[in-house]
Every structure is written in C-alpha cells, then in structure tokens.
Amino acid sequence: MENSRHVLVIGGNRFPFHRFDVHGSLIADMIPDAFDVTLTTEKEALTDLSEYDAVVDYLTDSTLTDTQQRGLLTFVEEGGGYLGLHCAADLTSIASDDPDSHITHRDEPFSALRELVGGHFRTHPEQTTFDVRIVDHFHPVTANLGDLCVYDEPYVLDVDDDVRVLARMDHPDHADMPVVWTHNYEEGRVFYCSLGHDEASLTNGDVRSLIANAIRWLTRT
C-alpha cells in the first residue's frame, strides 16, 4: 500500500514463557489495520530498520551483538518509534548455557537498552487481576482512555525520574507502580507498557486500545 506505515515486531521462543510463536500474532492483532506488520525472531533484523517506522520489542533475552544494538539505537535516535512491551524491560534475563536451566541472570541490565527503555524489570508477584489507573489524560496515547482492569503479571520496575508516566497500577503489595510511560530518545519516541504477559492481557480490549494509540503516536499518524 502506497505511503503505508511498517512495524517490526520482534520476540523469541527460547523460554517457555513469552513465547513468540504463541504471542506474536496476538501482538500483531493489537496494531491498527492501516499498518503493515512483520513478525520476526531474527535479531539480525535490527541491523537495518530503514524500511520500518516503529519496532515493537517483545524480547525476554535482550542479548544483542554490537551491530544489532547499534542498528536499533540509531533507528530511534534518527526518529524511529520504539514500543517496549512487557518483557522488553527484562534487561537482566538471558539464555542459560546450562542444559538443565532455561534462564540465567546478569548482575546489571544492559546499560544502553536501559537508557532506551527508561527503566527495567526487577521482579514480579504472581499473576493476578489488578487495576491500572490512567494518571495523564493530556498525552495523545491516553487522552481518550479510561482506567482499566487486567489479569496479568504485575511488574515491579526501576523507572527513570525523567520519563512521562501515563498509567500506574493499584496492587496490594506494590501500590503506585508505573505501568506505562513515554520519553524522547534523541529524535525518536519511546513508549513502554509493562502489561502483556500472555493471552489474557494481550486480548484485553482496553490494553489493545492502549497499544493501538501508542503505535499511532510513535509513528506520528
């Protein structure tokens, strides 16, 4: 389609959770029909993002080569849109070399990606139903949205002070925790949402509206 916008959605299948072969199509369904969507598990796709207007990151293991990381960061620096969804903020979990273990952890998050996202995952309580409050109705992403209720994996995050928080969760053990935020990264726009662990939230109508609005904002459409 002439003048259509293109979105790359990237994820992985290394772990039994956040499997892209299960969740990738659900994420694609959240993106408005006016956009062309490409799904991939190939991190090498990040080396050249010139044909895309936005990247949706659903990677749990964010281990990238220098070239892959530079490709992603340059894309956003030069005006591209970045949407980090749920596990994109998990910047310490990596694939284990131990055949008896799926996952291991870094002591510190990947620093360059931590700066891009604007925060990183620390831990999470068990999945539960919780309320998410929209706290900024003056941003284009949330201007037409109301509070929402989701069944999800509630992330506890370390969040930069200078991001613009759009929504927070009401959780009995972790009240007032940011869930959604935005910030600028050089010429590009960044949106992060900690929701999206599995089908329950990825098919939630309110979450779908939130992500659809974010894609439009990231691509300036």
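Which strands and helices do the buried residues of helix 1 pack against? In this predicted model, they pack against strand 1 (5-11), strand 2, strand 3 (54-58), strand 4 (81-85), helix 4 (199-202) and helix 5 (205-218). Helices (H or I, at least four residues) and strands (E, at least two) are DSSP runs, numbered from the N terminus. Contact means heavy atoms within 4.5 Å.

A word on the ground rules. Residues are numbered from 1 along each chain as its sequence is written, and side-chain values use heavy atoms, with hydrogens and water left out. Since the model is predicted, local features need pLDDT of at least 70 and side-chain atom pairs count only at pLDDT 80 or more, while totals for chains, interfaces and linings use all residues.

Helix 1 covers residues 20-30, and its buried members are Phe20, His23, Gly24, Leu26, Ile27, Ala28 and Met30. Here buried means under 20% relative accessible area, exposed over 50%, and partly exposed in between (1.4 Å probe, protein chains only). As a rule, an α-helix has 3.6 residues a turn, so residues three or four places apart point the same way. Leaving aside neighbours within four places in sequence, Leu39 touches Val9, Phe20, Gly24, Ser25 and Ala28. Leu39 is partly exposed, because its relative accessibility is 39%. Asp21 lies 18 residues from Leu39 in sequence, and the two C-alpha atoms are 9.7 Å apart in space.

Asp21 also takes part in a salt bridge with Arg19, at 2.7 Å from N to O. A salt bridge is a side-chain nitrogen of Lys or Arg within 4 Å of a carboxyl oxygen of Asp or Glu. Arg19 has 27% relative accessibility and so counts as partly exposed. In the loop between strand 1 and helix 1 comes His18, which has a positive phi of about 55 degrees although it is not a glycine. Most residues other than glycine have a negative phi. His18 counts as buried because its relative accessibility is 4%. Arg220 also has a positive phi without being a glycine, in this case about 60 degrees. Arg220 belongs to the segment after helix 5 and, at 44% relative accessibility, is partly exposed.

Across the whole structure, the search turns up nine salt bridges. One of them joins Arg114 and Asp158, with 2.6 Å between N and O. Arg114 is in helix 3 (residues 111-117) and Asp158 in strand 10 (residues 156-159), so this pair ties together parts that are 44 residues apart in sequence. Arg114 is buried, with a relative accessible area of 12%, whereas Asp158 is partly exposed at 31%. Another salt bridge pairs Arg133 with Asp176, whose closest N and O atoms are 3.8 Å apart. This pair also links distant parts of the chain: Arg133 lies in strand 8 (residues 128-134) and Asp176 in the loop between strand 11 (164-170) and strand 12 (177-185), 43 residues apart. Both partners are partly exposed, Arg133 with a relative accessible area of 25% and Asp176 with 44%. The two also belong to a network of salt bridges that links Arg133, Arg168, Asp170 and Asp176.

Asp161 is in the loop between strand 10 and strand 11. With 83% relative accessibility, Asp161 counts as exposed. Gly118 is 43 residues away from Asp161 in sequence, yet their C-alpha atoms are 8.8 Å apart in space.

The structure also holds one cavity of 30 Å³ or more. On a 1 Å grid over the protein atoms alone, a cavity is a set of points where a 1.4 Å probe fits but cannot get out, and lining residues have an atom within 4 Å of a point. Grid points are joined across faces, edges and corners, and a volume is the space filled by probe spheres set on the points. The largest cavity comes out at about 50 Å³. Its lining consists of Ile10, Leu46, Val55, Asp57, Leu59, Ser62, Leu64, Leu72, Tyr82 and Leu113. By class, the lining has eight nonpolar residues, one polar and one charged. Ala, Val, Leu, Ile, Met, Phe, Trp, Tyr, Cys and Pro count as nonpolar, Asp, Glu, Lys and Arg as charged, and the others, Gly among them, as polar.

Finally, the unreviewed UniProt entry places the feature "domain: ThuA-like" at residues 26-217. That span is 21% helix and 34% strand, and its end C-alpha atoms lie 20 Å apart.

Technical notes: 1 Å grid on protein atoms, 1.4 Å probe; cavity = no way out; pocket = protein on both sides within 12 Å on 5 of 7 lines; lining within 4 Å. UniProt positions renumbered as here; feature names shortened; annotations may be inferred.
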